[in-house]
Amino acid sequence: MHSNKLEENKQRYLNPYFGGVLLGLLILLTIFITGRGLGASGSIKSAVVTTTNVIAPTHAQNNDYDKKFISDDHSPMYNWLVFESFGILLGGLLSGILFGRVKKFRIDKGPNITNKSRLIAAVIGGMLFGFGSQFGRGCTSGAALSGTATFAFGGLIVLLAIFGSAFLYAWFFRKLWI
Amino acid sequence: MGPLIPNGFITGDWDFVIAILLGIAFGFILEASGFSSSRNLAGVFYGYNFVVLRVFFTAMIVAMVGLLYFDYFGWLDLSKIFILPTFVWPMIVGGVIMGLGFIVGGFCPGTSFTAIAIGKLDGLVFTIGLYIGIFIFTESFPLFSDFYTSGDMGNPTLMDVTGISAPWIAFAFTFIALAVFWITMLIEKRVRKTTTAYKF
């Protein structure tokens with residue numbers, strides 16, 4: 001009985017080095033086909049620009065940031081990263097089904113905080129990440145990983161800034177995780 | 001020959017089909033490696049789980065070395081691939097803000113999408129946060145439009161900046177990655193002895 005429960009709780013993941021090799025080969029394939037790497041935050045940016053452009057078109061077209069991504073012949077949602085991000089969702093679902101991790105809605109959190117605190121932290125963290133990704137010209141996937149992998153100096157700056165600073169903050173936010 | 005789309009080997013109509021297929025592979029690898037769990041991701045900052053670092057650095061050196069081989073065999077014209085531009089100050093500030101978002105929110109954008117896919121509400125809420133954060137950025141853009149383009153260096157590579165050749169840079173990254181894998185393996189062993197509240 002006890003061992004059954006343990007078995008149930010044990011998550012089956014790929015060996016991280018094997019997963020890393022697969023991801024590296026995927027980046028290589030993506031660059032070989034499209035000439036650039038993978039990304040994620042760009043799709044949310046497209047969604048934001050689209051919303052603004054639909055609700056308040058004049059406002060969006062007068063915004064120096066929004067208007068960079070608006071064109072007359074197609075919606076900002078008609079964008080490579082939007083389709084790719086939809087794929088990320090499908091691929092995550094596929095893997096989740098295969099490894100038995102697709103379950104009813106639940107919250108992942110450290111042992112010493114409530115669900116409510118976790119969700120508040122998640123929304124604040126998301127806001128900060130989204131805001132910062134626009135200054136960084138991309139997030140962990142587009143700038144830090146694909147950027148550095150293509151030897152871009154800017155990619156390495158973002159990589160070091162994200163991980164370096166997060167290690168410095170970790171002590172202050174330990175209650176959230178351990 | 002490559003990159004195929006910029007060189008016209010694949011026409012624009014296939015662009016979005018390819019985007020979805022590559023995205024599926026990306027999402028699959030992230031989820032299967034355990035990136036759909038914020039606790040796995042945050043582990044790297046507390047020493048109880050270094051999966052992020054292992055996957056990330058392995059992927060980076062495989063892609064780097066692979067690009068050099070593709071170039072050497074003449075399969076890929078490296079002058080035609082996208083090099084991320086460098087804006088020194090906004091990139092440092094953006095990275096430092098993203099780092100805070102990472103430790104507070106427990107995800108980064110791509111990983112939060114895979115978390116949603118398997119039913120994690122914290123992943124969903126994080127993604128809503130991303131949307132709000134980017135909306136705040138776009139609406140307040142006039143306040144920092146000058147800062148946004150400060151430290152503009154164009155699109156330099158690490159070779160341009162350091163004067164070291166690409167193979168040696170790839171070698172250095174590989175060497176550092178291997179050293180880090182070994183050190184973090186030792187750290188993880190020690191920390192896991194004292195961590196009980198987490199299922200590995």
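**Figure 1. Packing of helices α3 and α9 in chain B of the predicted model.** Helix α3 (residues 51-72) of chain B and helix α9 (residues 166-194) of chain B have axes that come within 10 Å and cross at roughly 160 degrees. Since angles over 145 degrees count as roughly antiparallel, α3(B) and α9(B) are therefore roughly antiparallel to each other. The crossing in which α3(B) passes α9(B) is left-handed. From α3(B), the contact draws on L53(B), R54(B), F57(B), T58(B), M60(B), I61(B), M64(B), V65(B) and L68(B). Their partners in α9(B) are A166(B), P167(B), I169(B), A170(B), F173(B), T174(B), A177(B), V180(B), F181(B), T184(B), M185(B) and E188(B). Sorted by class, the residues in the contact of α3(B) with α9(B) comprise 16 nonpolar, three polar and two charged.

**Figure 2. The interface of chain A and chain B.** Chain A contributes 123 residues to the contact, and chain B contributes 121 residues. About 11100 Å² of area is buried between chain A and chain B, and carbon and sulfur atoms give 78% of this area. Three salt bridges are found across the interface of the two chains. In a salt bridge between the chains, the side chain of R118(A) meets that of D122(B), with an N to O distance of 3.0 Å.

**Figure 3. Contact between helix α5 of chain A and helix α5 of chain B.** The axes of helix α5 (residues 80-98) of chain A and α5(B) come within 8 Å. They cross at roughly 45 degrees, and α5(A) and α5(B) are therefore oblique to each other. In this pair, α5(A) passes α5(B) in a right-handed crossing. The residues of α5(A) that take part are S85(A), I88(A), L89(A), G92(A) and L93(A). They meet G110(B), F113(B), T114(B), I116(B) and A117(B) of α5(B). In terms of class, the contact of α5(A) with α5(B) holds six nonpolar, four polar and no charged residues.

**Figure 4. Packing of helices α1 and α5 within chain B.** Helix α1 (residues 15-32) of chain B packs against helix α5 (residues 109-117) of chain B at an angle of about 80 degrees, and the two axes are 9 Å apart. With 65 to 115 degrees counting as roughly perpendicular, α1(B) and α5(B) are therefore roughly perpendicular to each other. The α1(B) side of the contact is made by G27(B), L30(B) and E31(B). On the α5(B) side are G110(B), T111(B) and T114(B). The contact of α1(B) with α5(B) divides into one nonpolar, four polar and one charged residue.

**Figure 5. The cis peptide bond of chain B.** G2(B) and P3(B) are joined by a cis peptide bond, for which omega is about -5 degrees. P3(B) belongs to the segment before α1 of chain B. Chain B contains nine helices and zero strands, and its pattern along the sequence reads α-α-α-α-α-α-α-α-α. The C-alpha trace of chain B spans about 55 × 45 × 35 Å along its principal axes.

**Figure 6. The backbone at R137 of chain A.** R137(A) is a residue other than glycine with a positive phi, near 60 degrees. The position of R137(A) is in the loop between α6 (115-135) and α7 (140-149) of chain A. Chain A has nine helices and zero strands, in the order α-α-α-α-α-α-α-α-α along the sequence. Along the principal axes of chain A, the C-alpha trace spans about 65 × 40 × 35 Å.

Conventions. Residues are numbered from 1 along each chain as its sequence is written. Chains are lettered from A and ligands numbered from 1 in the order in which they are written. This is a predicted model: local features need pLDDT of at least 70, side-chain atom pairs count only at pLDDT 80 or more; totals for chains, interfaces and linings use all residues. Side-chain values use heavy atoms; hydrogens and water are left out. Axes are lines fitted to C-alpha atoms, for helices over the stretch in contact, and angles run from 0 to 180 degrees between N-to-C directions. Helices (H or I, at least four residues) and strands (E, at least two) are DSSP runs, numbered from the N terminus. Angles under 35 degrees count as roughly parallel, over 145 as roughly antiparallel, 65 to 115 as roughly perpendicular and the rest as oblique. A crossing is left-handed if the near helix is turned anticlockwise from the far one by less than a right angle, and right-handed if clockwise. Contact means heavy atoms within 4.5 Å. Ala, Val, Leu, Ile, Met, Phe, Trp, Tyr, Cys and Pro count as nonpolar, Asp, Glu, Lys and Arg as charged, and the others, Gly among them, as polar. Buried area is the accessible area (1.4 Å probe) that two parts lose on being put together, summed over both. A salt bridge is a side-chain nitrogen of Lys or Arg within 4 Å of a carboxyl oxygen of Asp or Glu.
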